[in-house]
Each structure stands twice: as structure tokens, then as C-alpha cells.
Amino acid sequence: MKQWKKLTAAGLTAAMAVSLLGGCNSGSTDEQTQSSVTADGEVAKPEKITVMVDSTVFDRQNGRDEFEARWEELTGIDLEFIQPDHSAYYDVVGQTFASGRKNWPDVIILNSSYYTGYAEEGALWDMTETWDNSELKNSGRVTGEDVVDNMKINGHLYGMPITRGGGCITYVKKAWLDNCGLEVPSNYEEYMNMLKAFTEGDPDGNGVNGDTYGVSAAGFVGEEAPYTNYLPEFYWGATPSFKQDENGVWYDGFTQQEFKDALTRIRDAYTAGYIDRETLTNGTSDCRNKFYEDKFGVFTYWAGTWADNLKTNLENNGLDGELVALPPIEELGSYTERLAPIWCITTTCENPQGVFKYFIESMMDGGDMQTLWTYGVEGVHWSTKAETVCGNTYEEGEFHMLESLEKPGTQYTKATMDPTLSIVEWDTDPGQNAVSQVTRESQELFNANCVQEKLVPSTTEMATYNGDLTTLKRSIVADVVVQGVSLEEAYARFEAEHGTEWSQKIVDSLNEMEQN
């Protein structure tokens, strides 16, 4: 029990941690394999599956009971969702693992930070062989095998991404560019000139200069990998976390000159007033609301569905909704695709092969189940009836999403799986013509200009030190950008408060693991 409590504590404090505890465990047993197969060699169908999820799945307010009923109708299996409040999800995950193996769910969804740690601790079933021999992999329909391979730890797969991870792309208000007489920026100099004009000029056309600012973000450093995705134009090859160089050698990006240069660029833009003064404490909803209120003109946010959401909400506020999705500026080179949420089977699951086949693999069946996970339940989340929804009129047989149960006046855009991020071919997708051009174009632009984030292995040193190290790094970033502390003074503090020591211990452990 002690190791799970340690794992939990590390996870709760490591905002940028990408692993939690060391120790290798195959995560599967002969008993599990035997219980997954019937006497005639077929994979046994589970009678019940328990699943711990966050708000990736519709909550009860948004029709989860109807979703669950439809899933059970399609499979004949009893499904039980365990769905903590979104903000407390990983607190509950940690408590669940620490409370004893009898309390673990069969399936759990994890982000990359927790996936690596729990896999290394032996809490997650090794599905490598099952995936390699699966009907899905051998169907020829999988287009994102690289996405799956990117989730492997030392060659083993402990969880399945069901879509690409997606990522953030920079949107610029077209009306603001036009009002300032600017072209779409293609390099950092042009990007900064745009921020300057948006801050000092009259981009919103209200007749007042200087009552707006260029860009806002939910923090100078993000909460999860790739950490730099909300202010990418300032980070060129820079990261506050751990990376491998071209020779496979691990290093701490926070200690590198590239990150120091990035901090300098952010500090200069912040001092000039180009960056929202409340960036340090902003949440993503704060940024969205300010964007809709026309307080700033450049917003780096999720590609795909959010392109349409941003446009619609601007127009609902009486503003011009046309946005320009920027290709990455020259110095940046590419956007970074985050690691997708990962569906894992725990090592206490009595029939992991059956759960893989009937729960995880079926999500991408190209039929009724994929429709359910992508769009939800017919009549609750989507419809093909002739009707008017939120002011939009549809003809009989025309696929469309219905009005949100949680947010009246808006329509659902998807369920759990974003159709623009699918990792399988799906020729019979019923909603393929319902995806807006704005959504599709922004996602295609991102997909064509992104590189995948890489997993960082778990080590004992990572779990021991990275929580405090992350807190120290964030404090130093705030000192430099907001308080104007010099880089020399900031990094002297980093060394004095053990940052250099902790960082080196983690780097050494990663490189030792690599050598072994």
C-alpha cells in the first residue's frame, strides 16, 4: 500500500510531472489471460465492466444515463461508469488506487502524466500482444498506428489512445488585422508587430487607441505536456520539461539557453503590455470570455471543433467571427500535438482481453459503437429529423447535433471522440458532412504542421523530486516575467533552492534507464 500512497502524493503535486514512480512490472498475469479465453479459444464476453472516467464522457447532466443504456443495448454487457467531478478527478484516481486493489475499476482513462507512472508501478495491464493480434489492427483501417506506438513504454503498450491528441493553433481576429492594415504574420518580427498594433492602436474600431491588448493565455506555462502550447510563438525549441536530444540523451529543458531566451521574449512582451496582465492566474475560460468580449485579438487554442466554437461565440456577442488560423511562424517551425488521453485496463480486471475487445476495440468499429462514442445518442445528442435547433434549420435526413442539455442555446459538437482526430478510416461516418468547414480547415492545418509530444519514462527520482521541482520552476517563471527578476538572479535561486540538484538527479535516472 505504501507505494500507492507515494504515487498519489507525487501525482497531486506534480503539475508538470510526466511520470510518478519507478519500478518495472509487466502488468499482466497468466490467470488474467486464462480467464479471458473460453474453452473453444474465443475471447470471453464480460458480464460487467466498470469504468472510471472524467468529463471526457458525457456526465449525467448531459445524458450519460442514456449513453450508458445505448452502450448496453449494443453489447448486452452491464456497464458502470464511475465519474468523479472533473476538477477532482485525479484526486479520486489516486485515492482509488491507494485504497486497495479490490476497489480498482476494470478500465480507467488517464492523461500521459499518470499513465506512465501507473504503468511502471504495475497497475495497468500490458495489452501489447492483444493489440498486435487484434482484428482492428489487422483490419487495414488504422491510420494512426504511429499515435498508438507513441504510447509504448519500453516497447510495451499499457493503454490505448482512441483518437489523435490534437493540439493548439493560433487564431487571429481577421477584423483586427484589417483595421490595423496588417497581413497575416509569418515570422516572429511580424508577429510582434501585430501584437504591438493590437495593443497600442485601435484594432476593435471603437475609436480609442490602447484599450486592448495583443494576446492572452492560461498561464505562461501550461498544466500538461507540451506546456508551451498556449504561447507557442515565444518558445522556439524550448521546453520547461525533460526531453531527449538527437542522440537520445535526456536533459532538462528548463536549464537550457533556449528556455532562457523564451523567458526573455515573454518578459519583454509582457512588460510592453502586449500580453494580458492576468495571464499568470487566468484559466482557459477566463481567456475565452475576454476573447468574446473583444479585449484581445490573438488566442492560441485547440484546433478543430474550437475553431467553430470561437467563431460562434464571437458572433453571439455581436462581433465579427472570422478568424485566421496561423501556420506556425518561421522560428517555431511546427505546433506540438499533445499526448491523447489513454484508455487503460487495470491489472485487477478479471477478463482484460474481453474488456479490450468489447469496450476499447469496439470504440473504433466504424459502426454503431463508434457513432455512439463520437456523437452520442440519437434523439438526445443528435438527430436526422427535420427541425430547427438553436436557430439552424435542418431538412429530413440531414444529420445535426441537438441543443446542449447543459448549455441551452448552444448545440453539441461531439461526444467523447472528435471525428476530426480519428485514427481509423470511417467511410460510413454519419456526421462527416456536418463538420463545419472552419472546424475541418483548422484541424487539417494543425495536422499538417505538428509533431507529436513524446512520453517521458517514469523513475523513482522523477516521483521523488519533480513535484517540488515543478513548483519551483513555475515560481521562477513568474518572477522573471511578472516581477522582472533578472535571469541571473532567477537561476541563482534555482540552484540555491535545490532545483539544479533535483533536475540533475532526474536527468541521471532517465539516462541510466535509457542505457539499461
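The sulfur of Cys-349 lies 12 Å from the closest cysteine sulfur, that of Cys-344, which is too far for a bond. Cys-349 itself is buried, at 2% relative accessible area, where buried stands for under 20%, exposed for over 50% and partly exposed for the range in between (1.4 Å probe, protein chains only). Cys-180, by contrast, is partly exposed, with a relative accessible area of 23%. A search of the whole structure returns 0 disulfides, a disulfide being a pair of cysteine sulfur atoms within 2.5 Å. The model is a predicted one, in which local features need pLDDT of at least 70 and side-chain atom pairs count only at pLDDT 80 or more, while totals for chains, interfaces and linings use all residues. Residues are numbered from 1 along each chain as its sequence is written, and side-chain values use heavy atoms, with hydrogens and water left out.

The expected span of a helix is taken as 1.5 Å times one less than its number of residues. Helix H10 (residues 257-271) has 15 residues and reaches 21 Å from first to last C-alpha, close to the expected 21 Å. On H10 the buried positions are Phe-259, Ala-262, Leu-263, Arg-265, Ile-266, Arg-267, Ala-269 and Tyr-270, and these pack against helix H9 (188-200), H16 and H17. Just after H10, Gly-273 adopts a positive phi of about 90°.

The nonpolar interior comes next, a nonpolar core being a set of buried Ala, Val, Leu, Ile, Met, Phe, Trp, Tyr and Cys residues joined through side-chain atoms within 4.5 Å. The largest core holds 73 residues, of which Tyr-191, Phe-234 and Phe-242 touch the most other members. H16 supplies the largest share of this core, 7 residues. Apart from it lies another core, of 68 residues, among them Tyr-114, Val-147, Trp-382 and Leu-455. With contact defined as heavy atoms within 4.5 Å, and residues up to four places away in sequence left out, Phe-242 touches Trp-250, Tyr-251, Asp-252, Val-456, Met-462, Asn-466, Leu-469, Lys-473, Ser-503, Ile-506, Val-507 and Leu-510.

Aromatic pairs number 35 in the structure. Rings of Phe, Tyr and Trp (its six-membered ring) pair if their centres lie within 6.5 Å, with planes under 30 degrees apart counted as stacked, over 60 as edge-to-face and the rest as tilted. Tyr-114 and Tyr-118 form a stacked pair, 6.4 Å centre to centre with 25° between the planes. Both lie in helix H5 (residues 112-120), 4 residues apart, about one turn of the helix. Tyr-114 is buried at 10% relative accessible area, as is Tyr-118 at 1%. The rings of Tyr-335 and Phe-446 are also stacked, because their centres are 6.1 Å apart and their planes at 25°. Tyr-335 belongs to strand S10 (residues 335-337) and Phe-446 to helix H15 (residues 437-448), so this pair ties together parts 111 residues apart in sequence. Tyr-335 and Phe-446 are both buried. Elsewhere, ring pairs join Phe-58, Phe-67, Trp-71, Phe-81, Trp-343, Phe-359, Trp-373 and Tyr-412 into a cluster.

Two further buried residues complete the picture. Ala-225 lies in the loop between strand S5 (213-215) and S6 and counts as buried at 6% relative accessibility. Leaving aside neighbours within four places in sequence, Ala-225 is in contact with Arg-338 and Glu-453. Arg-288, found in helix H11 (residues 284-292), is buried with a relative accessible area of 16%. With residues up to four places away not counted, Arg-288 touches Phe-299, Tyr-301 and Trp-306.

Methods: Helix = DSSP H or I, 4+ residues; strand = E, 2+ residues; numbered from the N terminus.
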